[in-house]
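Good morning, and thank you for coming.

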Amino acid sequence: MIGFLHTSTPPEDSRLAFIQGLSEAGYSEGQNIAIAYRFGESRRVPSTLGRLTDLANDLVQRGVDVIVTSGGSLAAQAAKKTTTTTPIVFIMGDADPVQAGIVAGLSRPGGNITGISLLGGALGPKRVEILREIVPGATVVAVLVNPENQNSAPFANEVEAAIRAAGQRSMILRAASAGEFEHAFALLLEQKAGALIVTADNTFTREAARLTELAARHRVPAIYQWRDFVTAGGLVSYGASLAEANRQAGVYTGRILKGEKPADLPVMQPIKFDLVINLMAARALGLDVPPTLLAHADEVIE
């Protein structure tokens, strides 16, 4: 049996991609493998971590053969805290798994855990570059972070450094829940920020529709990590494919079920990143997306 632990209910395409990866390894849900799904739906980081730890304990007590964690670093931390023997496969895009203490190293993760790192923060400078191409006149760029997510600090620092290197001024906006988004946008408008970078955080991902609605209402060009933000009405995203990460996690899970050890499986990293642009959102903001950027886009929403 596989235990699937997610910080919230995962998108259906991610779940199906995980099942596809399992099938590539020779496993089919309901035929030769069962999956116990557990979702933590708490809204703040401390309560979410506690809830996820309880759910991870439940999976261990049920005797699952592998725990798969998704939806960010909190789920991986909860599973790692719960067991040192049950194999764990994580999918993580909001933290560096080494800096977060999840694994000892990428090539040799050690212990009972390995997984997929989506390089969420390392792509910050590239997002700054993309946003600058779309909004070249922005002199102040805001960066939205969750102050309760301790893993976001290094990523935010990299983004701020890239903004300064581009000759722009950065400002940090803090929001730990959807109820704090309005205040963050009020500060953005007060400081006359011309663009916004939303950092990787599960709270932000879960509230993608709310964030993109606020950005549209206040006419703020913003860039995000995941495609889901753009399909929800956001302007642009740049990041790895969540579906592909889940498929890879399914393959790794199958290999572990067949006897391989997590310590011997290096943490996988994406080799391709998707640029998704919403031209409808761009037109609503009065922006002309450069043809060169459109030519490099993996997907353009008309």
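I shall speak about helix packing, aromatic rings, and then some individual residues.

A word on the source comes first. This is a predicted model, in which local features need pLDDT of at least 70 and side-chain atom pairs count only at pLDDT 80 or more, while totals for chains, interfaces and linings use all residues. Residues are numbered from 1 along each chain as its sequence is written, and side-chain values use heavy atoms, with hydrogens and water left out.

Let us begin with the helices. Helices (H or I, at least four residues) and strands (E, at least two) are DSSP runs, numbered from the N terminus. Axes are lines fitted to C-alpha atoms, for helices over the stretch in contact, and angles run from 0 to 180 degrees between N-to-C directions.

At what angle do helix 4 and helix 5 pack? Helix 4, residues 124-134, and helix 5, residues 152-165, pack at about 40°, and their axes are 8 Å apart. The two helices are therefore oblique to each other. On this scale, angles under 35 degrees count as roughly parallel, over 145 as roughly antiparallel, 65 to 115 as roughly perpendicular, and the rest as oblique. The crossing of helix 4 and helix 5 is right-handed. A crossing is called right-handed if the near helix is turned clockwise from the far one by less than a right angle, and left-handed if anticlockwise. Helix 4 contributes G124, P125 and V128 to the contact, and helix 5 contributes E158, V159, A162 and I163; contact means heavy atoms within 4.5 Å. By class, this contact of helix 4 with helix 5 has five nonpolar residues, one polar and one charged. Here Ala, Val, Leu, Ile, Met, Phe, Trp, Tyr, Cys and Pro count as nonpolar, Asp, Glu, Lys and Arg as charged, and the others, Gly among them, as polar.

Now consider helix 6 and helix 8. Their axes come within 11 Å and cross at roughly 30°. That makes helix 6 roughly parallel to helix 8. This crossing, too, is right-handed. From helix 6 the contact uses F181, E182 and F185, and from helix 8 it uses R210, L211, L214, A215 and R217. Sorted by class, the contact of helix 6 with helix 8 has five nonpolar, no polar and three charged residues.

I turn to the aromatic rings. A pair of aromatic rings is described by the distance of the centres and the angle of the planes. Rings of Phe, Tyr and Trp (its six-membered ring) pair if their centres lie within 6.5 Å; planes under 30 degrees apart count as stacked, over 60 as edge-to-face, and the rest as tilted. By this rule there are six aromatic pairs. The rings of F4 and Y37 have centres 5.7 Å apart and planes at 55°, so this pair is tilted. F4 belongs to strand 1 (residues 2-6) and Y37 to strand 2 (residues 35-39), so the pair ties together parts 33 residues apart in sequence.

Are these two residues buried or exposed? At 1% relative accessibility, F4 counts as buried, whereas Y37, at 21%, is partly exposed. Buried means under 20% relative accessible area, exposed over 50%, and partly exposed in between, with a 1.4 Å probe and protein chains only.

F181 and F204 form another tilted pair, with 6.1 Å from centre to centre and 55° between the planes. F181 lies in helix 6 (residues 181-190) and F204 in helix 7 (residues 202-206), so this pair ties together parts 23 residues apart in sequence. Both F181 and F204 are buried. Ring pairs also link F4, F18, Y37 and F39 into a cluster.

Burial brings us to helix 3, residues 73-82. Eight of its 10 residues are buried, so helix 3 is largely enclosed by the rest of the structure. Among them are L74, A75 and T82.

Finally, I come to some individual residues. V251 lies in helix 10 (residues 242-257) and is partly exposed, at 22%. Which residues does V251 touch, not counting those up to four places away in sequence? V251 touches G21, L22, E24 and A25. The C-alpha atoms of V251 and G21 are separated by 4.6 Å, although the two are 230 residues apart along the chain. K192 is found in the loop between helix 6 and strand 8. K192 has a positive phi of about 60° although it is not a glycine, and at 67% relative accessibility K192 counts as exposed.
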